[in-house]
Amino acid sequence: MNSHPVIKTTLSERCIDVFLIVLSIGMVLPLIMLVANAFKTPEEILIWPPTLFPNDPILSNFEKVLSKTPLLIWIWNSICFAVLSTLSIVMTSAVAGYVLAKFKFFGFDFLFAIILATAIIPFEVYMIPLYFQAKSLGILNSLWGLLLGYLVMSFGIFLIRQNVIQSIPDEFLEAARIDGAGEFWVFFHIVIPLLRGPLAALAVLAFFQAWTAFAWPMVVNTSKDAYTIEVGLALFQTGFTVDLGLLSAASALVLIPSVTLFVFLRRNFVQGIASTGLKE
Amino acid sequence: MQRKKLIFAILALLPAMGIYFWVRLIPIGETLRLSLHQWNILSKNKPFVGLDNFRELFGDPLFLESLFNTTIIAFGVLLITIPSSLFIAYLVFQRTRSRFAGFYETTLFLPHVVSLVPAAMAWKWIFDARLGPLNAALGWFGIEPKAWLFDPVLSIFCIIFLCSWQMLGYAVLIYIIGFKNLPLSLLEAASLDGASKRQAFWYVSIPLLKPITLYVSVVTLVAGFNVYAQAFILASDSQGAPGRQVRTLVLDMLENSFRNYRVGYAASEAVVLMVIVLVLTLIQFRMLREKGKSL
């Protein structure tokens, strides 16, 4: 008789688990089906009703799409873009976040207020003037043009500043200064190591932000060899005679690395998201 | 030492803030300035026209259609995302010690982080009238196949659905953090007072989660008002398909700027977008403050 309530709770918990497992699979099912399509023969892809998994998996879709489109160049462009953007965002955020948190000089609070106020303005609002800046610099259709839009992240500065305030006590820095450490030494040897966690989280966010960017790369890089993978794929699919198998193979090639990366870096990612504006 | 500090602060801050001004503040200012000018890329003059662009905008059927579609999409995503993510987050929170917890977190959040174009293409196939599994599945229930992406009303639903699918994981994650931060003492007090789990959820958790709900709502709405890639992939007419394009604000803006070369006019659309976002954010702050007063 005593065990009754225990069984009841585990039963309801089990029901929740079943529901959540079904839901979780449902959430990723479209992606799984897309990858499955990549392995279907051209005949099978036209079968009605559609099959969930290929009866007779083939690899020729991958071979064809790699020979027909500059997919690898697009992927390379995206990787360079994402890596450089991440570096720039991490560096600017670390420096600006630290200085705005720990140095109380005239006007710094005002600067931070400006950053906060502009943080909410979406990229799309100032994309057009930024395009003309890129144009006048002559960096359209290049990596630098892509980067121009993704050199800084307001949220990154905010995130680092919050972390510095919460986790690095002033006494810590003062002690080092009294021991004769210079400001640069303090920054590189005390502040940066203490910020390793939030900086890693920010790096993951920045990388995925650039990797999945769409509107800006589409506007700024319009020659085929300068596309990022997102833009290349999107324009590839609007062609007249697109073979669904090829399209799925190209998509799978883009999805698999980013999904793998996400599964490994999930902790960092969640940490980054968790600190979004929730501690205001 | 103070002088050394000042020199360091300025040296360190200068490059970062320089970039910030150069790629954020100046373009934002430019958007505002251009919106008051008439500028065709092909002509050299940019005459100042005051609010003419805005006057024209609110008589422009294409812009009004875009604004209407975008508003429907943004609020549609909100209506789906908030209740479902709250419910799912509650369930996941109940099972934080389950051995599947990591699996839930990964799979629910995955749609939010994967590249948008491949994900949208998966959905394009699912919605496809001739080959898509959606019509096949509906067929089992005897429902006639529908041209999901070609019908002007249905295609908006498809876009709402795609955006909600992407937003859900993010909202769930934020809500889970909210549940974790709830003061246990209040929930315990409620159960001591004889409240059932359901009552505690409705009368204790939900009111306490109001700031989170506000935050998620604003993020969702802002993302919704910026919808572009989803509409571009699912329902664009760029391949000359018979389907009607679902125009969104950003799409209309980019077309005015880069296809019709009307940069000033496009900038005024950007200003409208900015005003919408600012108003939403102000409402959020306003409501948070009101809550603060009542406590």
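Here are a few exercises, each with a worked solution, on a predicted model.

**Exercise 1. Overall build of chain A**

Work out which kinds of secondary structure chain A has, and whether it is spread out or compact as a globule.

*Solution.* Start by counting elements: chain A has 14 helices and 0 strands. Walking along the sequence therefore gives the pattern α-α-α-α-α-α-α-α-α-α-α-α-α-α. Next, turn to the radius of gyration, which is 24 Å for chain A. The globule rule gives 19 Å for 280 residues, and 24 Å is well over that, so chain A is more spread out than a compact globule.

**Exercise 2. Burial and contacts in chain A**

Find what share of chain A is buried, and what share of its contacts with a separation of 6 or more joins residues 24 or more positions apart.

*Solution.* Take burial to begin with: of the 280 residues in chain A, 42% are buried. Then take the contacts with a separation of 6 or more: in chain A, 75% of them are between residues 24 or more positions apart.

**Exercise 3. A look at helix H8 of chain A**

Compare the reach of H8(A) with its expected value, then list its buried residues and name some of what covers them.

*Solution.* Helix H8 of chain A covers residues 154-167, which is 14 residues. From first C-alpha to last, H8(A) reaches 20 Å, close to the 20 Å expected at 1.5 Å a residue. Its buried residues are A:Phe155, A:Gly156, A:Ile157, A:Phe158, A:Leu159, A:Ile160, A:Arg161, A:Asn163 and A:Val164. The cover over these residues includes helices H4 (71-102), H5 (108-119) and H11 (196-211) of chain A.

**Exercise 4. Where the two chains meet**

Describe the side of chain A that touches chain B.

*Solution.* Count the residues on each side: 74 of chain A are in contact with 74 of chain B. Helix H1 (residues 4-37) of chain A gives the most to chain A's side, with 15 residues. Sorted by class, that side has 54 nonpolar, 13 polar and 7 charged residues.

**Exercise 5. Two helices of chain B**

Decide how H3(B) and H12(B) are oriented to each other.

*Solution.* The axes of H3 (residues 61-94) and H12 (residues 249-258) of chain B come within 8 Å and cross at roughly 150°. Angles over 145 degrees count as roughly antiparallel, so H3(B) is roughly antiparallel to H12(B). From H3(B), the contact uses B:Leu62, B:Phe63, B:Ser66, B:Leu67 and B:Thr70, while H12(B) brings B:Leu249, B:Leu251 and B:Asp252. By class, this contact has 5 nonpolar, 2 polar and 1 charged residues.

Notes. Residues are numbered from 1 along each chain as its sequence is written. Chains are lettered from A and ligands numbered from 1 in the order in which they are written. This is a predicted model: local features need pLDDT of at least 70, side-chain atom pairs count only at pLDDT 80 or more; totals for chains, interfaces and linings use all residues. Two residues are in contact if their C-beta atoms, placed from the backbone, lie within 7 Å. Helices (H or I, at least four residues) and strands (E, at least two) are DSSP runs, numbered from the N terminus. Ala, Val, Leu, Ile, Met, Phe, Trp, Tyr, Cys and Pro count as nonpolar, Asp, Glu, Lys and Arg as charged, and the others, Gly among them, as polar. Axes are lines fitted to C-alpha atoms, for helices over the stretch in contact, and angles run from 0 to 180 degrees between N-to-C directions. Angles under 35 degrees count as roughly parallel, over 145 as roughly antiparallel, 65 to 115 as roughly perpendicular and the rest as oblique. The radius of gyration is taken over C-alpha atoms; the globule rule is 2.2 Å times the number of residues to the power 0.38. A residue is buried if 20 or more other C-beta atoms lie within 10 Å of its own, exposed if 12 or fewer, and partly exposed in between; C-beta atoms are placed from the backbone. The expected span of a helix is 1.5 Å times one less than its number of residues.
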